Amino acid sequence: MLYVGGVDVDGPWLPINRSVSYLVTAGKDITLVAKVDSSSLTRKPAMKWLKGKWLDLVSKAGKHLQFKESYDRNTKIYTYEMSIIKVVDGDAGGYRCEVTSKDKCDSCTFEVSELKQRSAFLRSEDAGELDFSALLKKRKGKKPEEPKEEVDVWEILKAAKPCDYEKIAFQYGITDLRGMLKMLKKMKGETKKSDVFLSKLDPAYSVDHGKRIQLTVEVADPNATIQWLKNGQEIKPSAKYVFENVGNKRTLTINKCNLSDDAAYECVVGEEKSSTEVFEGEFFYGDELNRETAGSKYRFKKDGKKHILIINEATREDIGTYYVFTSGGESKAELEVEEKELEVLQSIADLTLKAAEQAVFKCEVSDEKVTGKWFKDGVEVEASDRIKISHIGRTHKLTIDDVKPSDAGDYTFVPDGYALSLSAKLNFLDPPKIHLDASGSGNKNVITVVAGNKLRFDVEVTGEPAPTVCWSKGEQVVCEAEGRVRVETRKTLSSFVIDGAERADEGLYTISVNNPAGEDKAEIFVRIVDVPNPPENVKCTSVGEDSATVTWEPPSFDGGVPIKGYLMERKKTGSARWTKLNFDVYEATTYEAKKMIEGVLYEMRVFAVNGIGISQPSVSSKPFMPIAPTGEPTHLLVDDVTDTTCALKWRPPEKIGAGGIDGYIIEYCKEGSDQWVQANEEPVAKNQYRVKGLPVGEKMLFRVVAVNVAGRSPPATLSQAVTIREIMENPKIRVPRRLRTKLITLVGEKVNLVIPFQGKPRPVVTWFKDDVLLEDKSVGIRTSEVDTILFIRSAERTHSGKYTLSVQIENVSDSADIHIQVVEKPGPPINVVVTDVWGFNAALEWKPPKDDGNCEIIGYTIQKSDKKTEEWFTIYEHNRRPSCTVSDLVMGNEYSFRVFSENICGLSEVPGISKNTAVITKTDLLFKSPPFQEKDMSSSPKFTAPLLDRSVIAGYTVAISCAVRGNPKPKIIWMKNNMTIEGDPKFLMQNNQGVLTLNIRKPSLFDGGRYSCKAVNEFGEDSVECKLEVRGMPGVLKLWQSE
């Protein structure tokens, strides 16, 4: 069964044989099988069987060609089979199978050749077991064939593929295939030189069944790694396949060759390869055995129907295939001759040694005559002064003195002539060592890295076996893994890597190595340097007219490198543009910025500089303004003095400047002293201040200083000292202007009277109402040192009256009267009656209301209502007398009347309604209508609405309109540029009740001009005109209309 190949849509095809040839005996069957792995396919692959280039064999399916397909759900493998039943001459030729899946496609080609039974050594598929039922007899020779045309077989062989050599040898009767191959090699001459191979494999090799064959190549690089392939599959070392490396030569030895070793072999080095084919000897013609040629080696025996061939003292030369032919058919059998097995009495053992020790590998086999070879890592070991090889009886020994690291490896003993090998490993122990300049001392290795850069620290580590390397920081182990901080390990090198170093990576790192021979440690201190942090607490401490002094604190972190200095920048508040103040590094932390504009707000920021670079900018300072101090306050004077206090007043300075004034500082001192004491902790914003806690009777000096961002102004000082003693002042009431007249308020409103007074010492305040001491609890009174307050939460009419305020100091007093009147709306008038009715008039009278609302009645409002509608209408407002005459009454109606009284609060809530009504009676009247006279409506035409000038865009319908009147109906004439418009379908004229409209459909530039409309009848005519401007269409609009 032939496995043609497989498929994988994600990778390359994995064919077993890409291009192969097969010999098939005529009349026999052959089956070709292709397997496809569909585990990664999304759909079922399509398979085609082709002969030649284009012939699809599926269309030829029948008894001769049969196709089969199966699917294994477990392995997801599709199996496709093509069977050729009873091969004939026409089946020979090239075949191809193609597998496709979506956009993936691959194919495999093979050739089928028919082999006719012309030799006694051809195998038959249906041959039975070996049964010599008859003696081997010499066959009669064949009749000589007729001479054929001579053919140059060597030319055919030189142009043929190695896989076709066997077929050509059969075809032309060549029995010595080995000699043919040697001759063909000489004829082909030297092969093309290769950079990898000094000598390649021969095109083909021939080997007898059961024999051994060696395939040898010579490579240019003695350390090159090679790979041996058989039919595309890698060969693994075993007892059957032995690999040997001697210098530049690489040898593959195949023991006990059989039919399975008849294949294509390749030696691959990198991307280059050397190919050959091995042919097994059973395919070739052999010798015929009979009684005459057998000699003493072979004996023939017949026992009834049994025919027996006896081989005396069989050797490996007798290995092969034996055939027996009878008149009824043929039979064959394989003869294998096995040598006596070699027993291993003692195998070699693994050794683990240190430097300068002795290594002894010893083994013992059953046959003391057996010789052998020692190999190290596939290379034969040569004896020397240090390496000794001995063979004493059945013991084979390899001794290595003064063991070195290069002696470590795999050692193998191979007995000559036997497919047997004994292997052991020599392990060299070398204590681990870290190769650092100061690894053995107490000093630390310091590595300085700039933050953000990559650190790669390579440490050479030696030791045998290869030691285990461990990096750690404190108790935290740095693992060998992908990441920013990682360890990369190679053969003798351990690399500590930090990608993008950060401040947190700084610290002491430890590398420790250990193996069975010992351990070693080293410490490395990784120092991370960076730009410093920004300076802190940037602020302005003082300002001048065009300068400012700024201070700051050094950064909290200097980046691991000393600070060299600072760079300053400033900008105007609200602007985004920063201006550099210095280009050379400034070392101090106080800086005076100059050349600034007075009255403009500025901000400043500072950068710190170290050996690595410049820090980020600091937080901007609070806005500050370069200004000069203000002038001194003016008009300082004493406003009041008591036994312990003094009240001062002053005015702002004449020169204030752009910085304004933040407040004032008041200071005092005793007369004759220069120790000024500040009276207020914080500057006061007002222009007055009372200094408290002064000593009684002392003479004190006072001064006031204006303060702003620029500092203190010159002081304003009193010219004379002030004696701290209370001054006697007569009481006096200062009545507000609005309270000097009567205070009128509504019922329910609040009353709040604030009346200031003066006097020293503090006067006694007393309130009276209508000359009686005020004791009404609904009236509240509050008194302070400078004023008194009288308040009523909800005024009542009983609160009306005269209120008297009295202030008294000892025997001196002062008083003031305040009149309060609480009012409300009046009551309704009383006794409203209709006293007289005449014609269309009626006379009313009434009496004033009983309740005038605590104020004068200023008038009355009179309303009337007829019985039909019962709706009230106002007749008079603000009528001052208690009577009135109502006129213009309607005849036949009956009227009622009502009256509202009015004071300063408004109209009364309820009116006074008349007790009787006024009835206006009808009188006899005769109306004589004038005779009807028809009016003449005839008139000449006259336009009541003119035409208006218009400006329109070409292509858009426009209408112009006007209006005309006239009797009889006038005739309408439309004209353009004084030419009558008639019969043009572009113009539509309409007349709707005298409204005239001219519609112009999609006007062009030529339709512009002066349009007029004329109206004519028998009494005259009239006309109007307008100007129509037609503008060109804009480009975008034209494009839109065209679309």
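A salt bridge is a side-chain nitrogen of Lys or Arg within 4 Å of a carboxyl oxygen of Asp or Glu. Arg-797 forms such a bridge with Asp-851, and the closest N and O atoms are 3.3 Å apart. The pair links distant parts of the chain, 54 residues apart. Arg-797 sits in the loop between β61 (787-792) and β62 (801-809), and Asp-851 in the loop between β65 (841-847) and β66 (859-866). Strands here are DSSP runs (E, at least two residues), numbered from the N terminus.

The model is predicted: local features need pLDDT of at least 70 and side-chain atom pairs count only at pLDDT 80 or more, while totals for chains, interfaces and linings use all residues. Residues are numbered from 1 along each chain as its sequence is written, and side-chain values use heavy atoms, with hydrogens and water left out.

The count comes to 33 salt bridges. Another joins the side chains of Lys-230 and Asp-261 (3.7 Å, N to O). Lys-230 lies in strand β13 (residues 227-230) and Asp-261 in the loop between β16 (249-254) and β17 (263-269), so the pair ties together parts 31 residues apart in sequence. Lys-230 counts as buried at 17% relative accessibility. Asp-261 is buried too, at 1%. Buried means under 20% relative accessible area, exposed over 50%, and partly exposed in between (1.4 Å probe, protein chains only).

The largest nonpolar core has 23 residues. Such a core is a set of buried Ala, Val, Leu, Ile, Met, Phe, Trp, Tyr and Cys residues joined through side-chain atoms within 4.5 Å. Leu-455, Phe-457, Val-459, Trp-471, Phe-496 and Ile-511 touch the most other members. Strands that each supply at least two residues of this core include β33 (455-464) and β38 (507-515).

Val-459 lies in strand β33 and is buried, at 1% relative accessibility. Val-459 and Ile-511 are 52 residues apart in sequence, yet 9.2 Å apart in space, C-alpha to C-alpha. Leaving aside neighbours within four places in sequence, the contacts of Val-459 include Ile-434, Trp-471 and Ile-511. Contact means heavy atoms within 4.5 Å.

At the surface, Ile-744, Ile-858 and Ile-904 form a nonpolar patch with about 250 Å² of accessible area together. Patches are made of residues with over 30% relative accessible area and no salt bridge; like charges are joined within 9 Å, nonpolar side chains (Val, Leu, Ile, Met, Phe, Trp, Tyr) within 5 Å. Accessible areas come from the Shrake-Rupley method with a 1.4 Å probe; for residues, only the protein chains shown count as cover. Ile-904 is exposed, at 52%.

Note on methods. Helix = DSSP H or I, 4+ residues; strand = E, 2+ residues; numbered from the N terminus.
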